[in-house]
Amino acid sequence: MATIAVTGHANLTGASLPLVASALLPLLTRYPAAELTGMSCLAAGADTVFADAVLALGGRLVAVLPSADYRARMPEGPHAVAFDRLLRAAAEVKAMPYRRAGAPAYAAANRLLLGRAELLVAVWDGGPGGRQGGTADAVATARAQGMPVEVVWPAGAARRPPTRPGQKGRPLRDGP
């Protein structure tokens, strides 16, 4: 059984999503569908693209929810619809014991992902993160544990500038 966890940027541009999906398929097809288990927090962007790829290949999806309010904090729209669809398709759902989403909940979710997986797929531009529970943090933790990490960042992939919640389109000053 191959258990593969994902971490990656949530703020991928729309044009990047099919590029990432195309880059994930050759990596995931190394494993027979009957042996493929993908673990994802089902966040927008990389997590959702990965989960869709695992299911498209006939693999088993494990959804990891960082907190009790994880879904409630999502704005309604295309990602919420995708989240609900993927959650229904998941063979297993693991909920972390946090009431509210935030860095500690995301870090705990990453610990669960890294504790159960044998490979981490990082849809990551390689930039520093600095946030507990973020993509760079998950990659650093996996590497420190000796876990193999496959970085996926296809040519042409890009991220939207990060914004503060409630400040539509206004970039963060301190980065992601």
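Modeller: Let's start with the words: helices (H or I, at least four residues) and strands (E, at least two) are DSSP runs, numbered from the N terminus. Two strands pair if DSSP finds at least two bridges between them. Keep in mind that this is a predicted model, where local features need pLDDT of at least 70 and side-chain atom pairs count only at pLDDT 80 or more, while totals for chains, interfaces and linings use all residues. Residues are numbered from 1 along each chain as its sequence is written, and side-chain values use heavy atoms, leaving out hydrogens and water.

Now the sheet itself. Read across it and you meet six strands in the order S4-S3-S2-S1-S5-S6, paired in parallel, and the sheet is open. At its edges sit strand S4 (92-95) and strand S6 (149-152), each with pairing on one side only. On average, neighbouring strands in this sheet are turned by 20° against each other, ignoring direction. Angles here run from 0 to 180 degrees between N-to-C directions, and the axes are lines fitted to C-alpha atoms, for helices over the stretch in contact.

Strand S5 (residues 119-123) runs parallel to S6, and four bridges join the two. For example, Ala122 has Val151 in S6 as its bridge partner. Helix H5 (residues 135-144) packs on the sheet, touching strand S1 (2-8), S5 and S6; contact means heavy atoms within 4.5 Å. The direction of H5 makes about 150° with that of S5.

Next, a few spots around the strands. I'll call a residue buried when it has under 20% relative accessible area, exposed when it has over 50%, and partly exposed in between (1.4 Å probe, protein chains only). Leu42 lies in the loop between strand S2 (36-40) and helix H2 (46-56), and Leu42 is buried because its relative accessible area is 0%. Its phi is positive, about 60°, although Leu42 is not a glycine. As background, most residues other than glycine have a negative phi. On the loop between H1 and S2, Ala34 has 72% relative accessibility and therefore counts as exposed.

Ser16 belongs to helix H1 (residues 16-28) and, at 0% relative accessibility, counts as buried. Apart from its neighbours within four places in sequence, Ser16 touches Gly156, Ala157 and Ala158. Its side chain also reaches the backbone nitrogen of Ala158 at 2.8 Å.

Rings of Phe, Tyr and Trp (its six-membered ring) pair if their centres lie within 6.5 Å; planes under 30 degrees apart count as stacked, over 60 as edge-to-face and the rest as tilted. By this rule there are two aromatic pairs. Tyr70 and Phe83 have ring centres 5.9 Å apart and planes at 65°, so this pair is edge-to-face. Tyr70 sits in the loop between strand S3 (60-65) and helix H3 (78-89), and Phe83 in helix H3, 13 residues apart. Tyr70 is buried at 9% relative accessible area, and Phe83 is buried at 1%. Tyr70 also pairs edge-to-face with Tyr106, at 6.5 Å centre to centre and 70° between the planes. Tyr106 is in helix H4 (residues 103-116), 36 residues from Tyr70, and counts as partly exposed at 31%. Together, ring pairs link Tyr70, Phe83 and Tyr106 into a cluster.

How far can you trust this? Confidence comes as pLDDT, the predictor's score for each residue from 0 to 100. The protein chain has a mean pLDDT of 90, with 91% of its residues at 70 or more. Residues 167-176, though, stay under 50 throughout. Where pLDDT is low, the predicted coordinates should not be read in detail.

How values were computed: Polar contact = N/O pair within 3.5 Å; in protein donor to acceptor, adjacent residues only side chain to side chain.
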